[in-house]
Structure formats: C-alpha cells, structure tokens
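Dear colleague,

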Amino acid sequence: MAIKKILCYLPIVLLCISLSCNQQITNTNIKQSKSTIGNPVLPGYYADPTIKKFGDTYYIYATTDNEMLASGAPTVWYSNDLQNWYNYTMEIPSLSSVNLRNYWAPDIIEGKDDKYYLYFGNCQAGCNIYGYVSDTPVGPWEKLNEDDTPVIAHNYPRPGFPSLDAQFFTDTDGKVYAYWGTWVHYNGGYAVGELNTDTMKDIINPENIPLEQTPNPFEAAYMMKRGDKYILMYSGESCHDETYKVLYAYADSPYGPFTPGENNPILSTNDDQTTHGPGHHSVLEDGDDYYIVYHKHDYPMTRGGMARQVCIDKMVFENDFTIKAVVPTNKGIAPIVKSTVPENIAFEATATASSSYTLNSLEYKDYTYKPSFATDDNNATMWKAATNTFPESLTIDLGEEKNIKRIATQFEFASYFYQYKLEVSSDNENWTLFADQSKNQTSGSPMIDDNDAAARYVKLTVLGTEKAGLLAAVWNIKVYSDLFELPLNIKNKPSTQPAAAVSKHEKLIDISASNLGPDIKSISNNGTLQGTFSAKGDVSLTIDDDGIKALNFNKGALILNQPVPEQLAWNGSFTVSTWVKNPEIARDGEILASWCNRFKYGLANSYNALAYNSGHYGAVAHLDGHFDMRYKTLPEANQWHHIVLTFDGVVEKIYVDGVLNNSQNMLLSSAIENAKFIIGASDIGENYSGLMASFQMYDYALTEEDIASVSEETNPKSK
C-alpha cells in the first residue's frame, strides 16, 4: 500500500494503540466519592504510566496520548495526595538527527549521585531507548549522550529487536536491571540487562527471556521484588482490542528462569467493560500495600484506542510469588495520605452551558457531553461545546452566595493553551470579572486563577485554543473558598504560537463539470478560496452513457494554486462532497482528494485523504491502518454515487448516497504546511481512475439535512 510505504520507521504502526472495539459502558456517569481517589486519576489522555514518589511528592510519567500515534508533549503529573494532580511540560532537548516527537513509555530512577535519570522510547531513528539526566524529577533535562547514542539501541540484544518500553528495577543489593521489548511475541521474548550505575547509560550482560516463560506477551515488562522472589509483570495479548491485559511470572533471580504465575491474567477487561483494555502498568508500593497504576481506553472510545487514561487500583499478594486478580474499579482507592486541599464548593453544583455536543455515530447514540460533567469531579466525563467555534460558555450555580478565592479549570488538553475569562455573579445577570485569560498562551492543568469575591454563579467563557479545531471542553472545574499551597513552584513556558484560526463556515472549493468548457487545463474555483485548478496528467471532459458531463481521471489530477487555509489545520472541521462513478474499484489507491502534507510528520492522523477503493483505507486514509476508515458497504462500481466525508472535530463520518456508511471517533493532527488541494490523486499519486461530476469542500461539518440539500443541488442526473 503506497501510503504505508512512505513510513521510514514502519514498526511504529504496530505501537500499542487499539483498533475500534465494541466497547460498551452501562454506567458512564459514575459519581466519585470524596472518600476515594476516582478512576481515571488524571484528567486527560495518557498511557504507559510510571508512578514514582520522590520526597513527599508523587509523580506520574506517561506517554501523552491522542496526538499523532501517541506523540504528544513530554509531560509529567505531580501530586502530594494522589488526588489533586498538576501537569507540567518538561524541557527535553531534541535529537540532533530528528525533531523529537515520540516520548513513549518513560521511566525514571534516582542515581547514587542523587541525580535523576529519565529514559523513554522513540522510533524516529530506529526504535531506541534514550537517556537524560537532571538535578530534579521534572528537569530541565540534559542528554546522557550528546551524539544521540541510545542507552538501549534497536537490534539489542539481537538483530531486529525493537528497544522500547524500558523499565528499570533496583535490587536490594543496589544493582539496577533494565527490562524492555515490545511486539515480543514476534521477537522471541523480553530482554533483560544490568545498567552500569557508574555511567547510567550502558547495559551489560543482556539476555532474552524465552517466550515460554512469559505466555501471551506483547510489551511493557515491569519487574518488582517480593521477599526473595522476582516478579516479572507484563502486558499481553493484543493491545489492539479488549484482550489487552496484565500477566506475571516469577523467579529466584532477575534473569529467571521465570515460572508463569497463578491467577493470570491479574488485570483484564471487566464484565461490564467499564475498564476496557487495561495494561502497561507500574506499581506503587506504600508500606505493605501495593497499587497498580495502568491505562485503559477512554469512553466513548476514540478510534485506534489512542486516547487512553490512567487508573489506579489495589493489588494484593497471596504470598511472595502469587498475585490475586485485581478488581478494576471506577472509584479507585482510598486516600493513602491526608489531603490539604480544601473542599471543592462546585462539586455536583448545577451547571448550564451555551451548547453541548451530542455524539451520534454508528457505534454511539445520543451520548451528550453534559454541563454537569464539569462539576462531577470525574475524569471519565467532560463537558464539551457543540461546535469548535467561539465563544462558548459554562455557568455553575453554587446554590447560594459563597466566598470564592480560587478557580481551577481542567481543560481537555493539558498540553495546549486555552484562552478564556472567568466571571462571577450573585444574580446570574450582572457579572464581575474574576480572571482575564483572554490572551493566555500558557498551557497546563489545572489552570489556576486566584481572586477574592463573593458570588453564587461562576461563568467560564472559552474564547480560543492553541490548536485549530479543538472544542471548548472541560473535564472538571473546581471552586475554592480558601487558597492552598501547590506541591511544586513550577509553571509551563508560554507558547510562541498565536491562538488558532477557526472555521469561517464557508464553501472553500466548488467546481462542477456541467459548467466547464472544452479547455480544462485551467479551471476556476467558485468557492471562497477562489484561485485556479491546473490539470496535471491525463484529465479530460467526457459524457458518459447516461449523458452526464464529467471529468475523466486517468493518472491525472487537479491542483489548486491557493494554500490550504489555517482553519483546516490540526483538528479543523471539514466536509468533502463529490459525485463520482468508478468503473472498476481497485483494492488500493483511487484517491478522490487530499489536502495534507504526509511528509511533515509522517505520523498517524497528520494526513487526510478521501478514497474510493476496497482496501482497509477504502474511504479515508490517515497514514496508518489503525486509524484509516473503510467503507462498511462498498459503493457499487460503475454507478453514480454521492460520497460525502464530514468531520466535526469529534467524529468522522462517510456518507454514500445520503446514508451514513461508516464513522469513527477521532482526533486529527492535520499537517497543512506546504500542502496542496489535490483532486483526483494523493500527494504521491495513488490516482483516481474514474468519473467525477462535481466537487465541493467546506470548512465545517455538514449535517445530514445539509447533505441532502447539497446532493439535490449537485446531482448530475438532474442537470
């Protein structure tokens, strides 16, 4: 498949990101009790969590999910009580050879020199583990090797072995061992080696752990010790669906041989699937108690399982080498330490909003991101506005007038900035400004705003976002009558980027073969972008057997001389509408239109193309098979069809002749820099070989009613 061929680091397409599953949630709005630490513990999309405690502070280092194959910013979460978490984007020098994008499955250890050593995986120059050092657990970080030499390289300890998912274990004698490997069922088992604690960047005595010692493995080995037994925990069988789970084996030495444990798997998808696809974990030891920290899929589930969330549950040993099956919960665990954070006076307060998004797709029906989800103190739910236009507002009724000194807002994406203002009122009519963040360019979660007011109502108005197409969305908003000390005195650096462009609600492109003259070397665009399409290769005008005038594509394309507008960048909404007749439907290629630069990032969801083939990206290509969308029912060959692709910032839908054919929840990372609008081909060819009567593109998502109207207006059979 041509789209896959451009990936120079093909193994990343196998990263532990799930395919769409039949995930069912029977109780999605589970209210969190203040007496427990609710699951998920973090407000956002994070995976592969490593939990550590340094001093009195807990830290969770994790893969930032839901962005270009889990390639978000290198962030860390920190807390003094395991309940109230704060996000920080760490300063990590990029690789010299490539701009650092992947920050996968991080782990951190404290060296005998009292410095902190951070290790994480990256597949941009081979699948390697890189190392960094800092005087603090949050950086700033320096490379262990200035020449980008990995600590654990691809092909180590044997040719073809991908070095990812490294976890480090410090034995009671002070020796440190590394365990690593992913896709190990293809690669002969996990790897283990000893870390040179003098350099902290060399592995000695590496060995492979035979597959039979860890049945059904996939990735994410984690070593711990209980008494004299070494417990090797790991994730299997397939992270692509609900079968993902945690298993373990035990041994008398760090190298094994390992005996598969009883009660396997000890963590898996539960019966009602409220915990779906749990795995890739670490363990927090607190005295004699153990807590497993892992990720699970979000709900409603994002396509590819690429929006995972971190949870924590109790883990119990029957003896030194037997772990009881973990019962995954929504309530989480009882607090381990007493919190000094005062009462959230907005908890379960009545909330209203300017609008709310209701998800309707083939998989989910009438799921609404309610305003009340912003006050339920539940990281599994959020309020989300109906569209990605601004302003959008959320109003909270505290029930009576109360003192307000701090408001903490957890927006959907901690790594991107939001611009907003907070107002307070006693009567819901006359408003006083509490905080003006209308020009904010600093990310973080929560965003903390302090003032001193007496009010009954609190209004959040979202005015813009850092990334195009993001909706106003809030996991939780918390209101306090008292100030309190934060765990660390750190703050993210402001972004240098302006707020993102928003939809202009326009028809950007509009061409119709019925209006064209005999010379089609240059075709005027009647959409708001204007400009001219130039014909490249074999494109001609024809009249088919039904008397319909159409463009005939045969290894040719139309290319617009106008740049792709900024509102289509990143997660920007769009609609593509076209009447086509494909005489023969191939398995690959057959791209009807593309408008992104596949070479900018070369990562999933940074590329969009509408297709008409029978392959797995038969409808929409996103540069990776885990996220492409096929036709559930292939449009019949040699017949005229109205094909429409819409994306509203949350769900992608393909319609054929006015009927919803397929859909998937998505977050895009569309790369439009240096991209061109191409009709009839992709940016590397993959030509469409059929007829096209008309083509329109909009910078917003058409409704089904809109689609019906456009179909009637552009139907070539009626002209």
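Among the elements that cover the buried residues of helix α4 are β35 (574-581), β39 (640-647), β40 (651-656) and β43 (691-698), where a contact means heavy atoms within 4.5 Å, and where helices (H or I, at least four residues) and strands (E, at least two) are DSSP runs numbered from the N terminus. Those buried residues of α4, which spans residues 704-714, are Ile707, Val710, Ser711 and Thr714. They lie on the same side of α4 because they cover an arc of only 105 degrees around the axis, the arc being that of the directions from the helix axis to the C-beta atoms. On the other side of α4, Glu705, Glu712 and Glu713 are exposed; buried here means under 20% relative accessible area, exposed over 50%, and partly exposed in between (1.4 Å probe, protein chains only).

Please bear in mind that this is a predicted model, in which local features need pLDDT of at least 70 and side-chain atom pairs count only at pLDDT 80 or more, while totals for chains, interfaces and linings use all residues. Residues are numbered from 1 along each chain as its sequence is written, and side-chain values use heavy atoms, with hydrogens and water left out.

As for confidence, the protein chain has a mean pLDDT of 93, and 95% of its residues reach 70 or more, pLDDT being the predictor's confidence in each residue, from 0 to 100. Over residues 1-33, however, the pLDDT is below 50, although this stretch has 119 contacts in the model beyond near neighbours in sequence. Where pLDDT is low, the predicted coordinates should not be read in detail.

Turning to the strands, β14 (residues 229-236) is mostly covered, with 7 of its 8 residues buried. Strand β13 (residues 219-226) runs antiparallel to β14 and is joined to it by 6 bridges, and two strands are said to pair if DSSP finds at least two bridges between them. Lysine 225 has tyrosine 230 in β14 as its bridge partner, and in the hairpin of β13 and β14, with 2 residues between the strands, glycine 227 takes a positive phi near 65 degrees. Strand β15 (residues 245-251) is also antiparallel to β14, through 7 bridges, and there alanine 249 is the bridge partner of leucine 232.

Strand β7 (residues 128-134) is joined to β8 by 2 bridges, and tyrosine 132 has lysine 143 in β8 as its bridge partner.

On a 1 Å grid over the protein atoms alone, a cavity is a set of points where a 1.4 Å probe fits but cannot get out, and a pocket is an open set with protein on both sides within 12 Å along at least five of seven lines, lining residues having an atom within 4 Å of a point. The largest pocket holds about 1,400 Å³ of space, a volume being the space filled by probe spheres set on the points, which are joined across faces, edges and corners. Of the 48 residues that line the largest pocket, Arg101, Glu466, Lys467, Ser495 and Gln497 are the closest to its centre.

With kind regards
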